[in-house]
Amino acid sequence: MSSNPGTPLSDNGGAASALKANPGTAHLTVPGASPYSTTSSSRTGSETSLQRVQNLPGYKTPQFSGKEQQKAKVEKNVASKGFIPRELVAGEVSWFYGNLGIDDMYFQNESTDVITDHIIALFGAKVLAFTKHDPNTLSIDLEKINEDGSGATFIHNSKPGVSATAGPGATCERRIDALYLNDSTKDKAYRLETYRSGGAISATASQQLRCYFITRCSFPPSASSTTTKNKDGKTDIRAVSDRVFLEKATQNTLDIYQEVMWKAEARHGPVIEVFEVEGTREKRLVIGYRMGGTTHFFSALSDLYHFYSLYSARKYVEQFSNGITIISLYLNPLPTPNAPPIEHSIFQVMKEASLLFCLPDNPFFAGNPAAPEAGHAVQEATYAYCGWIFAQHFCNRLGPAYLALKNILDEANPSHAEVLDDIKRRFREETFTRESIKDVIVAYPELIRMLYVNFAMVHYPDSDESSQLMPTLSYQRLRTEAPLSDEELYNKIRRTVPNKHELQVLESFLIFNKAVLKTNFYQPTKVALSFRFAPDFLPEVEYPKKPFGMFFIIGTDFRGFHIRFRDVARGGIRIVRSRNKENYSINQRQLFDENYALASTQSLKNKDIPEGGAKGTILPSLGANPRGCFEKYVDAVIDLLIPGQSPGIKERLVDLYNKPELLFFGPDEGTADMMDWAALHARERGAETWWKSFTTGKSAEMLGGVPHDTYGMTSLSVRQYVVGIYNRLGLREKDITKVQTGGPDEILLSSDKTVAIIDGSGVLADPAGLDRQELIRLAKKRQMISNFDRSKLSKDGYVVLVEDQDVSLPSGELVIDGTDFRNSAHLRFKADLFVPCGGRPEAVNISNVAGLVDHEGKPHFKYIVEGANLFLTQQARLYLEKRKVILFKDSSANKGGVTSSSLEVLAGLSLSNDEYLDLMVFKDGKPSEFYQSYVRDIQKKITENAAMEFQCIWREHARLNGAKSRTLISDELSITLNNLQAELEASDLFDDVPSRKGVMKRAIPDTLVEKVGLDTLLKRLPEPYQRALFSSWVASHFIYKYGVNGSSVDFFHFARELAA
């Protein structure tokens, strides 16, 4: 690899010699290689050195030719105002123009009126300081924000190397972040130049000024991607740069930024480079990243280098129309004896900039002026923040008092269940709040440091590269702190902390430390922090079924979980959106429990496929970009799935789990259009063998996915239960009245008399029956009921949209608010059949289920097929079944989608890259014969599995003469089936080759077997996946045939036929 053109390096030359003995500096990659390339240099730290640049300005200094004429006008202006004594005017103006050392850019950009106001304000501040007899109280705060949005100027006094905690300097950079940098887009971006003035404010006051100049970027007219690329197909920095930047930047700066830009385009995390300036101790830190990747980063960087006794002479933020931001800092050491040498601290700044990128607004960082009492370095502060978030989710546990109460009360009794739910909610809301946990962390900084050392001694990488970190401060801190054993640390905490509440918070940090099996905390580049937990710490009273694995992800603007109940598991990734601050607070408290419940339900639903249940949840902060949060979540999880092998970019982690791990993600609320990106990003990150199966719900045309809605996969399963009820009870479908939520495919598959539909846009109802042809028209177009032709309604029919207010229904009833009406509409209608195919979890719960029964005790619906996940709570289902409602729960009825996704995963694992692209990806917008045949196989499997389970539940209910509800039979069926599957996976039945081949031939769709061949498939599929596929097929087919009480003799006979 060649060095940057125009960037002089040390005499050793070459890329290897441009890298220091520290993995945080090794950001150069092999030309043409992946940005996460596993190629690495074999050179040791002693052979390498910093990238070096000549001691020349990185930007051309502008000379304002009209400065003297302007000065004369300003002097007249100042004199005419009369505030400054006439005999002092010339001296004050001359000092401002000549002695302060303000850059000519200021004088060129500002009007004489603005400069006049600033000189008068400066004089007034000096007079005020004089009256206080202390020149150090001098406070300068000059600013001009252009009303047209073109930019701004900020000037305030600034002490080198110190983050101000009061005065304008305390908030200036954070305001600049908020006003101009956080929300940068290609269409609205600002560049920033900031300098420290060369001279003092006055002859008696030694303070210097810090000047910030912000201007809106002026990019070249929109051009196609081809016109912004050079002959090698890479972005040409000149084609995407702001006009002023191009005028000012030297060739050397352009060359450096060009290299950083290319790396930032190719990588998802930040690119961080350090350059040594020849003949000086100055270091130049250059950071490139994608716009929107973080917030408050510019101001957080200042707090970071101030923490290590560095100050900046100049700083620049440059934005580019290809969506890249580059920050450049010119750093120098403070002349103080206690400051660590810049040759060491620069590496610390570099490493910790990566953590700051993930969490720039950390309240526990000592450099953060918003929390001066915190006192932690970035690594300890980041650890404290992660422990804080962990404690918010896992401190508020219910404890033995709740367990005792739970054992006394009967959860099947609705009133008892309601009491338990209320107590559980109150416990979690009131025991430990965000603020109370934070107060404990702030109160015990020494204990937090000890807990951090306990964490770091396990997870700090001990590879050849990281052992070269001995000069860096983080390594020294780990070695100088006396590490305590877990028991010693616990005893230390117990003796130090006076009350039980505080002890429980700090104990949660110990639990966190013990639970982490691997983390990207020490990865040189990352976009969010991720932790893989051993879930043993979860209390059984609240989480009776222990997950197999847990991931915990924390970013600057989101938090998230991923839970799976088996090694081979699949489930959707859901974005939980918040309408307002109160709603966000509720979502925050419930996030883990919602994730656990969804994954647990998924586990029940996935009973007859190889993947166990899993689910991921992402909670964006208010105002955060959900797409950006999803991308960071995925990238941080991949950090823990792919062993890093690129020094300075993705390095090997300490892995206490020490086994290959593979997750399968699927679409869920808010992520349906993000699955393509996740699969392609996994491939970009190096997942060459499993990127095709990493996500389901991919677009059919581009990536060979099998979309559920296009082929009606979810509704096919629901439909088998509806039709099964009709057949078993001898009902004619056209005579059945029905209410449904969502579910366009249910409309297309049915021929009943639908009297009401509720969806995201509102409520559509007609007691005479909704026009079937109009419903079909909307369903085929995937349109909401807001598009229903109202002329097709009878005189008693109506539409109420969520935005409607004060609407009168045909009955005369007044609907005050359309949203409130929609949210409770499922409780007002009566029909034979209710099929919820969409809606929020727990829409029917123990608090409102009585609304589905009239005053005579008659249920509103005779039959309910739950096609939406968790639409009813368990207590609500049991309540309705006690009142003779024939009800089939979600984990049985709504499994068509998971079956389809499972077979989409199977295709990804079975086909080579070339085969997959040839057979699964559309050509000229059309599917291949193979693809169409495979889709038919999937639909057949869904229909068969749903029909078998329906018959099994119906038979078992009849055998017991209705003594056990179908809901509990469904749960028992799922649990028995999952347990049998787990036993089979651990048994040696899989090792019997004839049985294995016999099962695999039946379990794998014919289209795949015929195309690839069974023997080839068995070579390609990972063994854990094969075992899961084998046992899931055997377990489901045995249980569906013999029921949950099938005997050992029954299984013996069943097993004898497997090899046939």
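This note sets out numbered points on the predicted model shown above.

1. Basis. The model is predicted, with local features requiring pLDDT of at least 70 and side-chain atom pairs counted only at pLDDT 80 or more, whereas totals for chains, interfaces and linings use all residues. Residues are numbered from 1 along each chain as its sequence is written, and side-chain values use heavy atoms, with hydrogens and water left out.

2. Overall composition. The protein has 39 helices and 25 strands; these are DSSP runs numbered from the N terminus, helices being H or I of at least four residues and strands E of at least two. Of its 1060 residues, 58% are buried, where buried means under 20% relative accessible area, exposed over 50% and partly exposed in between, with a 1.4 Å probe and protein chains only. The accessible surface is about 42700 Å², and carbon and sulfur atoms account for 51% of that surface; such areas come from the Shrake-Rupley method with a 1.4 Å probe, and for residues only the protein chains shown count as cover. Among contacts (heavy atoms within 4.5 Å) between residues at least 6 apart in sequence, 71% join residues at least 24 apart.

3. The nine-stranded sheet. An open sheet of mixed pairing runs in the order β1-β6-β7-β9-β8-β4-β5-β3-β2; two strands pair if DSSP finds at least two bridges between them. Because β1 (51–53) and β2 (141–145) each have a single partner strand, one side of each of these edge strands has no neighbour in the sheet. From one strand to the next, the twist averages 20 degrees. Within the sheet, β7 (residues 283–290) and β9 (residues 324–333) pair in the antiparallel sense over eight bridges, and I287 stands opposite I327 in β9.

4. Helices on the sheet. Helix α5 (residues 172–181) lies across β2, β3 (151–158), β4 (190–196), β5 (208–216) and β8 (310–319), at about 170 degrees to β3. Helix α9 (residues 342–358) lies across β6 (271–277), β7, β8 and β9, at about 15 degrees to β7. For these angles, axes are lines fitted to C-alpha atoms, for helices over the stretch in contact, and the values run from 0 to 180 degrees between N-to-C directions.

5. Strand β13. Seven of the seven residues of β13 (residues 558–564) are buried, so the strand is largely enclosed by the rest of the structure. In a regular strand the side chains alternate between the two faces of the sheet. Here F558, G560, H562 and R564 point one way, while R559, F561 and I563 point the other. Strand β12 (residues 549–555) pairs with β13 in the antiparallel sense over seven bridges, and two residues separate them in a hairpin. β13 also pairs with β15 (residues 612–620), again antiparallel and over seven bridges. I563 has M550 opposite it, and its bridge partner in β15 is K615.

6. Helix α33. The 31 residues of α33 (residues 929–959) should span 45 Å at 1.5 Å a residue, and the end C-alpha atoms are 45 Å apart, which agrees; the expected span is 1.5 Å times one less than the number of residues. Just after α33, N961 takes a positive phi of about 55 degrees.

7. Serine 995. S995 is found in helix α35 (residues 993–1003) and counts as buried because its relative accessibility is 6%. Its side chain makes a polar contact of 2.5 Å with that of D992; the term denotes a pair of N or O atoms within 3.5 Å, where within protein one must be able to donate a hydrogen and the other to accept it, and residues adjacent in sequence count only if both atoms are side-chain atoms. Not counting residues up to four places away in sequence, S995 touches L989, F1030, L1058 and A1059.
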